Each structure stands twice: as structure tokens, then as C-alpha cells.
Amino acid sequence: MIEFIEILLMLLILFDLALLGVSRLKTCITISSLQGMLLGIFTVLAHTQGLTLRIALIAAAAFVLKGFLFPRLLGRSIREASVSLELEPYIGYIPSVIAGLALLGASLWLGAKLPLSSAIGIPLVVPAALMTFFTGLFLIIARKNALTQCLGYIIVENGIYIIGVASVVEIPMLVELGILLDASVAVLVMGVAIYHINREFDHIETDRLDTLKG
Amino acid sequence: MQAAVFTNLALGLVLAPLLSGIINRTKAAVAGRKGQPLLQAYFDIYKNLRKGAVYSTTASWLFRAGPVVGLAAAVAALCIVPASGSAAALAFAGDLVLFAYVLGLARFFTVLAALDTGSSFEGMGASREVFFAALAEPALLAGLATVARKTGTLSLTEMISTASANSPELVLVLAALGIVFLCENCRIPFDDPTTHLELTMIHEVMVLDHSGPDFAFIQYGAALKAWVLGSLIVGILLPAFSSSRPLMLACFVGAMFLLAVTVGLIESGMARLRLLRVPQLLAAASALSVFAFMLVVR
């Protein structure tokens with residue numbers, strides 16, 4: 001079973017690397033949706049021994065929200081705001097992938113150092129979580145499109161989710177549900193905000209919005 | 001033992017040009033055409049061998065050396081790579097580095113010969129070739145390093161006899177090597193082997209000025225290179241499951257033909273990538289290899 005979970009986590013990391021190298025917004029959204037579905041499956045697999053109704057619900061919520069709802073909402077914002085479909089990076093795609101590999105190395109190193117890893121029992125959980133987290137942050141920093149900020153936020157949340165699900169079972173589930181709710185509201189608000197920003201300024205490029213600061 | 005080594009070499013030397021025939025027949029079958037004869041590559045080589053060669057007045061000995069060194073390097077690579085579950089003719093610790101750079105030597109001389117013609121057109125092709133090769137080489141080397149680390153040996157023969165594709169790291173390496181295979185053998189999506197259109201050519205453009213026996217050498221060398229890289233992939237994919245030689249040989253040749261059919265199907269299914277996108281795909285291959293390497297060293 002651990003091997004199977006490891007393969008799942010490797011797929012998650014591959015999706016992270018793909019997110020860094022992909023140039024189309026729609027592909028990015030598809031990848032994030034696939035990642036969300038994997039997270040739902042991961043939740044169930046990580047708790048095959050003590051699978052309670054609560055965990056099953058969390059898994060289902062993650063699967064549906066991250067796999068279907070968020071991508072749908074993001075897709076709608078693309079349509080309504082007629083966002084440009086290229087990502088317009090500050091850092092090019094190949095340098096991004098190289099940076100991603102460096103981040104992956106750092107994650108593996110940190111994962112080996114942290115005592116948390118041995119507590120969980122699956123060696124790849126912490127590195128995968130950290131890598132997903134870093135990828136999200138990187139997307140927020142390195143892409144101009146305002147929608148990628150939102151996407152990066154979802155990816156960061158995925159990272160937190162992995163570690164939350166794998167490490168502790170009971171109470172943090174409540175916290176996790178809270179974050180899930182937060183994230184969905186944020187995606188919703190962001191969608192509306194992007195629509196309005198776009199109508200006001202005819203673009204959603206963050207570097208140009210920067211000059212608005214007084 | 002000796003007999004097995006010689007069968008493998010003979011198999012490679014004889015069957016290598018057949019791969020391109022299988023790829024072309026697969027493409028033809030998918031497109032609903034009859035296609036060229038399976039042995040077309042042999043006919044082409046034979047035809048070119050009988051012709052005389054024409055040399056440009058600006059070309060020096062480098063231009064004549066290119067095809068010869070290319071073919072010699074391909075044969076050397078054939079000796080290093082083990083096939084069908086038996087040892088390679090030339091096996092020692094660290095031969096995987098020699099393997100990578102024997103292929104590199106062939107490329108280096110092809111590029112020199114292309115530059116030696118003095119044609120800016122071939123210079124452009126050489127520039128592209130070197131650029132893409134620089135991106136494909138990390139993928140190949142990191143992939144081989146992963147297998148070496150996983151199996152704990154530095155010799156291709158031992159690596160391939162102990163590796164089997166049941167670990168996720170090796171699956172990643174296989175995917176990366178598959179991309180390198182397509183790139184190094186100028187197949188779609190990197191280069192379209194059927195075009196003679198200036199702006200899309202990468203490998204083909206470098207050898208335009210070669211003719212006669214020189215061109216036959218280049219064609220045969222390219223076929224051998226495809227066979228060598230293919231047998232590397234098949235070797236990692238196909239563990240030595242039986243001690244019966246004929247069975248292993250049959251499985252190996254079958255797997256090589258299957259690889260050729262797969263390449264044909266890929267070529268039928270997709271178009272050549274835009275030149276700007278090619279580095280991205282190669283970077284993805286390198287990322288896969290490096291990721292696999294990180295997983296085995298952690």
C-alpha cells in the first residue's frame with residue numbers, strides 16, 4: 001500500500017513540475033484539477049485502516065471541490081473576463097522547471113531533516129507537500145496573469161492539505177474543512193474581482209496593476 | 001558467451017535499417033496507404049554505395065571524415081550496449097559514460113562536416129542540432145545515472161541485466177529515454193524525417209551536401225544509432241526472464257519491432273512541434289530524469 005501511495009505522491013510532484021513548465025492557462029487549470037482528484041484518492045488511501053465516515057467525507061469534499069468546482073470557477077472567470085490564455089511569465093518556462101527541480105531537491109532535503117517524516121511513515125509525504133507548497137508560491141510570484149495568483153493559492157492549499165491529511169487525523173480535519181471553505185470562497189471572490197478589474201482596466205496583468213499604488 | 005555477443009552484434013548490424021522500414025509501414029497503414037517496401041532503407045544504402053561522391057571545393061578532409069567517424073562511433077556504441085539479456089562486446093565499469101560520449105563524438109563530427117561545407121544553411125542546421133543535443137544529453141545521462149544508482153553498478157551490461165521496469169523511478173527514466181530516442185533519431189515531434197523544407201529541418205539539413213557512399217554511411221550510421229538507443233530502452237524494459245537464448249533473442253527482436261511500431265503510431269498521431277516548443281519538451285525529459293535521480297538518491 002505504501003508503494004501505491006508513493007506512486008501517487010510522485011504523480012503529484014510531476015504535476016507540480018508540469019505546472020511550472022506549461023504555458024497555457026487552461027492546461028494549468030486542468031492539471032490543478034487532476035491534482036485535486038489525486039488528493040481525494042490520497043486521503044482515502046492514507047487512511048485505509050481507520051476509514052471513518054468523516055474521512056470519507058473530507059476525501060469526497062476535496063475530490064469535488066478541488067477536482068471540479070475550482071476548475072469550473074476559474075474556467076468561468078477566463079470566459080467572462082476574456083483573459084489572455086498565455087501565462088506571461090516573469091521567469092521563462094525552462095528556468096521555471098529548473099527552479100522547480102531545485103525546489104524539489106530542497107523539499108527532499110528538508111523532508112529528510114524534519115522529524116515529521118518518520119512520524120508519518122511514508123517518506124515522500126513531506127517532500128511532496130513542501131514541493132506543492134513551493135510550486136504554488138512560485139506560480140504566484142513568477143507569473144503576471146492575475147488568475148495564476150488564484151491558481152497558485154489553490155496549489156499552496158493542496159500542499160497544506162497533503163500534510164494535514166497525512167500527519168494528524170482528528171481535529172485538524174475541522175481546520176482543513178475551514179481552509180477548503182476559505183479557498184472556495186476566495187476562488188469565487190477572485191473570479192468576481194478579476195471580472196471587475198478586467199472591466200475597469202482592460203487587462204489583469206499584476207505588474208501593471210502595481211502602478212496603481214499611490 | 002562469445003556466440004551470444006556475436007549474434008547480438010550481427011543482429012544489430014543486419015536488422016538496424018529495418019526499423020525505419022517498420023516505422024514507415026506503420027505510418028502508411030494508419031494513413032490507409034500501402035507504403036514503401038519494408039527493406040527500402042537497405043535499397044537506399046545499396047544505391048548510394050554504388051554511386052560516386054561529389055565534394056565541394058571549399059570542403060576539407062573534415063567533410064570526408066564526418067560520415068566515417070559517425071559510422072565508426074555508431075558501431076562502437078553497438079558494441080557497448082548489451083542486448084537480448086546477454087553481455088555486451090565491450091563491458092567495463094563506467095562504460096555508460098563512454099556510450100553517451102561515443103554518440104556525442106558522432107554528432108560532433110557530423111556538425112563539423114556540416115560547418116565545413118561553408119553553407120550558411122547547414123550552419124543553421126548544425127546550430128539547432130547542437131542546441132537540442134545539449135538539452136537531450138542531461139536527460140540521457142541523468143537517466144543512466146538513475147539506473148546505475150538503482151542497480152548499484154556502473155556497467156551497462158550489469159545495469160540492464162539487473163534492472164526491470166517494476167519501480168516507479170525506472171518508469172520515469174523510460175519516459176525520458178523515450179523522448180531522447182525520438183529526438184536523437186530525428187523523429188516527430190522533434191523533426192520530420194520526410195520533409196525537405198528548409199525551415200523545419202534539423203538533422204537532415206546537416207547532411208545535404210553528402211552524396212554517394214558518404215551518404216550511405218550516414219544513413220547506415222543513423223539506423224545503427226536508432227537500434228542502439230532502442231536496445232537500451234528495450235533492455236531496461238525487458239528483464240532477463242528466461243535462460244533460453246532463442247526465446248530471449250526472439251523477445252528482444254520482437255520488442256524492438258514493437259518499439260518501431262510505437263514510434264510509427266506516435267508519428268501518425270501528432271504533428272511536428274513548433275521549433276520554440278522543442279526545448280520545452282526536452283526540458284521536460286530532463287526534468288523526468290533528474291526527478292527520478294533525486295528519488296533514488298534520497
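Tutor: Start with the interface. In this predicted model, 18 residues of chain A are in contact with 14 residues of chain B. The two chains bury about 1300 Å² between them, with 79% of it on carbon and sulfur atoms. On the chain A side, M10(A), I94(A) and L101(A) lose the most area to chain B, together 37% of what that side buries.

Student: What makes R298(B) and E6(A) a salt bridge?

Tutor: Their closest N and O atoms are 3.4 Å apart. The cut-off is 4 Å between a side-chain nitrogen of Lys or Arg and a carboxyl oxygen of Asp or Glu, so the pair qualifies. The count between chain A and chain B is one salt bridge. Two residue pairs are in polar contact there. The elements giving two or more residues to the chain A side are α1 (2-21) and α4 (93-113) of chain A. By class, that side has 13 nonpolar, three polar and two charged residues.

Student: Why is S32(A) called buried?

Tutor: Its relative accessible area is 4%. Buried means under 20%, so S32(A) passes. S32(A) is found in helix α2 (residues 25-46) of chain A. Leaving out residues up to four places away in sequence, S32(A) touches K66(A), L151(A) and I155(A).

Student: And why is L137(A) called partly exposed?

Tutor: L137(A) has a relative accessible area of 35%. Buried is under 20% and exposed is over 50%, so L137(A) falls in between. L137(A) sits in helix α6 (residues 125-142) of chain A.

Student: What makes R107(B) and E184(B) a link between distant parts of the chain?

Tutor: R107(B) lies in helix α4 (residues 95-116) of chain B, and E184(B) in helix α7 (residues 168-184) of chain B, 77 residues apart. Their side chains meet in a salt bridge at 2.6 Å, N to O. R107(B) and E184(B) are both buried.

Student: Why can R187(B) and E267(B) be said to tie parts together?

Tutor: They form a salt bridge, with the closest N and O atoms 2.6 Å apart. R187(B) is in the loop between α7 and α8 (203-206) of chain B and E267(B) in helix α10 (residues 245-269) of chain B, so the pair ties together parts 80 residues apart in sequence. Both residues, R187(B) and E267(B), are buried. Separately, salt bridges that share partners join R107(B), E129(B), E137(B), E184(B) and K225(B) into one network. Over all chains, the structure holds nine salt bridges.

Student: Why is α9(B) described as largely enclosed?

Tutor: Count its residues. Of the 26 in α9(B), 20 are buried, so the rest of the structure largely encloses the helix. Helix α9 (residues 212-237) of chain B reaches 38 Å from its first C-alpha to its last, close to the 38 Å expected at 1.5 Å a residue.

Conventions
Residues numbered from 1 in each chain as written. Chains lettered and ligands numbered in written order. Predicted model: local features only at pLDDT ≥ 70, side-chain atom pairs only at ≥ 80, totals over all residues. Heavy atoms only, no water. Helix = DSSP H or I, 4+ residues; strand = E, 2+ residues; numbered from the N terminus. Expected span 1.5 Å × (residues − 1). Buried < 20%, exposed > 50% of the residue type's maximum accessible area, 1.4 Å probe, protein only. Contact = heavy atoms within 4.5 Å. Buried area = accessible area lost by both parts, 1.4 Å probe. Polar contact = N/O pair within 3.5 Å; in protein donor to acceptor, adjacent residues only side chain to side chain. Nonpolar A, V, L, I, M, F, W, Y, C, P; charged D, E, K, R; others polar.
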